[in-house]
Amino acid sequence: MDAVQAEPKPQPSAHPLIGVPGQLWGMARVPHGLVAAAARHHRRHSPSRLPQSSCLAPRSTDTLGLPRKAGSFRLRSVRKRTDAKPLAGRSERRCSAGAALPAGAGAGAAAGAAGSREREPLTSPDRSRARSRRHRQRVRAARRPVTSRARLGVPPRPPGSRGDRRIIATTHPPRRAEGFSFTAPMALPPPDPQFVLRGTSAPVHTLHFSCGGPEPDIPLLFSGSENGFIHVWNLKTHRVDTALDGHGRKSVYCVETMGGKDRLLSQGRDQRICLWDLAEGRTSVTDSVFTEHVGFCRCSLLKVAQGRWLIAMAARSLEEVQILELPSKTSVCTLKPEVGAKLGMPMCLKLWQLSCGSQPVLLAGYEDGSIVLWNVPMGKALSRLICHQEPVMSLDFDSEKAKGISGSSEKVLSIWSLNEQQNLQVYKTHELVNAGISDITIRPDKKILATAGWDHRIRIFGWKKLKPLAVLDYHTATVHCVSFSDHSNPRDRLLAAGSKDQRISVWSIYAQT
């Protein structure tokens, strides 16, 4: 028998896909991989052919933590170079691997990595041993087709993720639980507005519904604009019924009804609060109150008895809040902070009472980011809470749960509660994506709340746990105000939003909760 001449030891050569073997990054384990099976054969029969920079290393357990047979390997993953030549033809379509093979690994390993079913002669010095049955079984295992991510039911990776790593699939059947699916349910897209009201010719700063009357009454929406007009919208025809002008073309930033749609209260930048009589088609101002306040703090209205109302508004002095009784316009009290307390101007107000006949209470948000609870009859502060680093732009309060929410010009919504000792304390905070809250309102059924954002979006939250429910993206400018309708039928509930883009979007969202 002729002596077999020893072949010279090959040097590591540049692979067309990954370059020189040994340029390795990261680590990926292949339980019964194609390259591992092919390289196991050559490691046993020709260990001198493996270079020192081989990417194969023995391991004792597979990916699932199960014991492995002797001779199994761990494969280090590589990253695709930007200047590498891509594979072409049938091999690229059938093999998702693209991992590095050691130099001199042989045609059998290359055929296994390509996923080919054809038998090719192996380059081995021992031909007789290659013809054995055990060796043929190994070769068949190495030449089984690659199972792709699509066959396993795994969604494809996005382009460029994980450094363009290629995945070498296993040759054994995938282990999946019965009834398990890799596809996650997709969230429903947010709805479009039910309708849009146009025609204000100016940014909209305040909205108020009047829909709680009996069935023959027409549901109305009042809007106050920057040009000083108050528009009365018919929600059945989606048209303007009446346009009121009583603020000298100054911006109107608060509109409220007083017991019905025939009596209206409005506040403007002309430092006046006007009382309107709209009965029988009249459009006249019956009375007005001069506030002497140059800011934009909205007044708050509270019904305390039949025909009697309390109104809280920012006073002439910088930090004071004045309480008046309507329609007599008599002064109830003036709320002044303690000496040395630098609260700044009042930014938002909320009058409320726990039950009919109980003492009225005022919640006021100030320029320094604090919220103060005032006892109106006594005229003194009960509690103070600093919950924002920026001025409080808007707040609302749920008297049933003794819990409120406030927003500012920063990215945080603050939820606070009122305990039995009449002390305010922070309950929870929620961080927003973008900064700036113009308005916050809780729906009358206390199920959800809406916020108007400086980022042109309306956000809907669950009031119980402040769970984000929807982001309504329609407007192209800052949303100044949001308001929920007072329909008696829950299916008819609406949400309206006024924006700087001179449009009013009306939505029907979570109406059946």
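# The model is predicted: local features need pLDDT of at least 70, side-chain atom pairs count only at pLDDT 80 or more, and totals for chains, interfaces and linings use all residues. Residues are numbered from 1 along each chain as its sequence is written, and side-chain values use heavy atoms, with hydrogens and water left out.

**Exercise 1. Find lysine 303 and say whether it is buried, partly exposed or exposed.**

Step 1. Locate lysine 303. It lies in strand S12 (residues 300-305).

Step 2. Apply the cut-offs. Buried means under 20% relative accessible area, exposed over 50%, partly exposed in between (1.4 Å probe, protein chains only).

Step 3. Read the value. Lysine 303 has 38%, so it is partly exposed.

Step 4. Check its neighbours. Lysine 303 touches Arg308, Trp309 and Gln353, not counting residues up to four places away in sequence.

**Exercise 2. How many bridges join S26 to S27?**

Step 1. Recall the rule. Two strands pair if DSSP finds at least two bridges between them.

Step 2. Count. There are 5 bridges between S26 and S27, and the strands run antiparallel. Arginine 457 stands opposite aspartate 473 in S27.

Step 3. Inspect the turn. This hairpin has 5 residues between its strands, and leucine 466 there has a positive phi of about 55°.

Step 4. Turn to the other side. S25 (residues 448-453) is also joined to S26 by 5 bridges, again antiparallel. Leucine 449 has phenylalanine 461 in S26 as its bridge partner.

Step 5. Check the cover. In S26 (residues 457-462), 5 of the 6 residues are buried.

**Exercise 3. How many aromatic pairs does the structure hold?**

Step 1. Set the rule. Rings of Phe, Tyr and Trp (its six-membered ring) pair if their centres lie within 6.5 Å; planes under 30 degrees apart count as stacked, over 60 as edge-to-face and the rest as tilted.

Step 2. Count. The structure holds 3 pairs. One of them joins tyrosine 474 and tryptophan 507, at 6.5 Å centre to centre with 80° between the planes, which is edge-to-face.

Step 3. Tyrosine 474 is in the loop between S27 (468-473) and S28 (479-484), tryptophan 507 is in S30 (residues 503-507), and they are 33 residues apart.

Step 4. Tryptophan 507 is buried, at 1%.

**Exercise 4. Is the peptide bond from leucine 326 to proline 327 cis or trans?**

Step 1. Read omega. It is near 5°, and the bond is cis.

Step 2. Locate proline 327. It sits in the loop between S14 and S15.

Step 3. Most peptide bonds are trans.

Key. Helix = DSSP H or I, 4+ residues; strand = E, 2+ residues; numbered from the N terminus. Contact = heavy atoms within 4.5 Å.
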